[in-house]
Amino acid sequence: MSIIQEQDAFLQDVAQLILFCKSEGIAVTGGELFRTPEQQQIYIKTGRSKTMNSKHLSRLAIDLNFFIDGELCYDVEKLSKVGKFWETLSPKNSAGMFWKSFKDLPHFERRV
């Protein structure tokens, strides 16, 4: 698949994820999709990221904000069903909340 096809498939899955959240009573607001190499360097220096291989650089990752009962929620226990749903949409999808070395709860990506 070309990068455009991968980005399109990724965003189709993001749309499904947002609809799933809505059906579960979870409000979603947008976070970061695209990141420049310069911004990625800043994130590495400040500890917000560990790699220059971020999928944000190729528009294949998104950070989302989740609200339950009007309160911002980054609780893995409360949001694990969201991550599990994301990973069922494609074997290429990965939810940062399940990573072992660096937990990144609001992060959803497509690996190519």
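Begin with the largest nonpolar core, which has 18 residues; select Phe-66, Leu-79, Val-82, Trp-86 and Phe-108, the members that touch the most others. A nonpolar core here is a set of buried Ala, Val, Leu, Ile, Met, Phe, Trp, Tyr and Cys residues joined through side-chain atoms within 4.5 Å. Buried means under 20% relative accessible area, exposed means over 50%, and partly exposed lies in between (1.4 Å probe, protein chains only). Now colour helix 1, strand 2 and helix 3: these elements each give two or more residues to the core. Helix 1 gives the most, with 5 residues. Helices (H or I, at least four residues) and strands (E, at least two) are DSSP runs, numbered from the N terminus. In soluble globular proteins, nonpolar side chains tend to be buried together.

A word on the model before moving on. It is predicted, so local features need pLDDT of at least 70 and side-chain atom pairs count only at pLDDT 80 or more, while totals for chains, interfaces and linings use all residues. Residues are numbered from 1 along each chain as its sequence is written, and side-chain values use heavy atoms, with hydrogens and water left out.

**Stop 1: helix 3**

Select residues 76-89, which form helix 3. This helix has 14 residues. From first C-alpha to last it reaches 19 Å, close to the 20 Å expected at 1.5 Å a residue. The expected span is 1.5 Å times one less than the number of residues.

Which residues of helix 3 are buried? They are Leu-79, Ser-80, Val-82, Gly-83 and Trp-86. Show what covers them: the cover includes helix 1, strand 1, strand 2, strand 4 and strand 5 (107-110). An α-helix has 3.6 residues a turn, so residues three or four places apart point the same way.

Zoom to the start of helix 3. There, a side-chain oxygen of Asp-75 comes within 2.8 Å of the backbone nitrogen of Glu-77.

**Stop 2: Tyr-74**

Next, select Tyr-74, in the loop between strand 3 (71-72) and helix 3. Tyr-74 is partly exposed, at 40% relative accessible area.

Leaving aside neighbours within four places in sequence, Tyr-74 is in contact (heavy atoms within 4.5 Å) with Leu-64, Asn-65, Phe-66, Leu-79, Leu-105 and Pro-106. Pro-106 is 32 residues from Tyr-74 along the chain, yet their C-alpha atoms are separated by 7.2 Å.

**Stop 3: Ser-94**

Jump to Ser-94, in strand 4 (residues 93-95). Is Ser-94 buried or exposed? It is buried, with a relative accessible area of 6%. Beyond neighbours within four places in sequence, the contacts of Ser-94 are Trp-86, Glu-87, Trp-99, His-107, Phe-108, Glu-109 and Arg-111.

**Stop 4: salt bridges**

How many salt bridges does the structure hold? It holds 7. A salt bridge is a side-chain nitrogen of Lys or Arg within 4 Å of a carboxyl oxygen of Asp or Glu.

Select Glu-24 and Lys-81 for one of them, with the closest N and O atoms 3.1 Å apart. The pair links distant parts of the chain, 57 residues apart: Glu-24 is in the loop between helix 1 (3-23) and strand 1 (26-30), and Lys-81 is in helix 3. Glu-24 is partly exposed at 34%, and Lys-81 is partly exposed at 36%.

Move to Asp-63 and Arg-35, which meet at 3.5 Å, N to O. This pair is 28 residues apart, with Asp-63 in strand 2 (residues 61-68) and Arg-35 in the loop between strand 1 and helix 2 (37-45). Asp-63 is buried at 12%, and Arg-35 is buried at 6%.

Then pick Arg-111 and Glu-109, bridged at 3.0 Å, N to O. Arg-111 is partly exposed at 42%, whereas Glu-109 is buried at 6%. Select Glu-6, Asp-13, Lys-92 and Arg-110 too: salt bridges that share partners join these four into one network.

**Last stop: the cysteines**

A disulfide is a covalent bond between the sulfur atoms of two cysteines. The cut-off used is a pair of cysteine sulfur atoms within 2.5 Å. How many disulfides does the whole structure have? The search finds 0. Cys-21 is buried, at 0% relative accessibility, and Cys-73 is buried at 7%.

Methods:
Polar contact = N/O pair within 3.5 Å; in protein donor to acceptor, adjacent residues only side chain to side chain.
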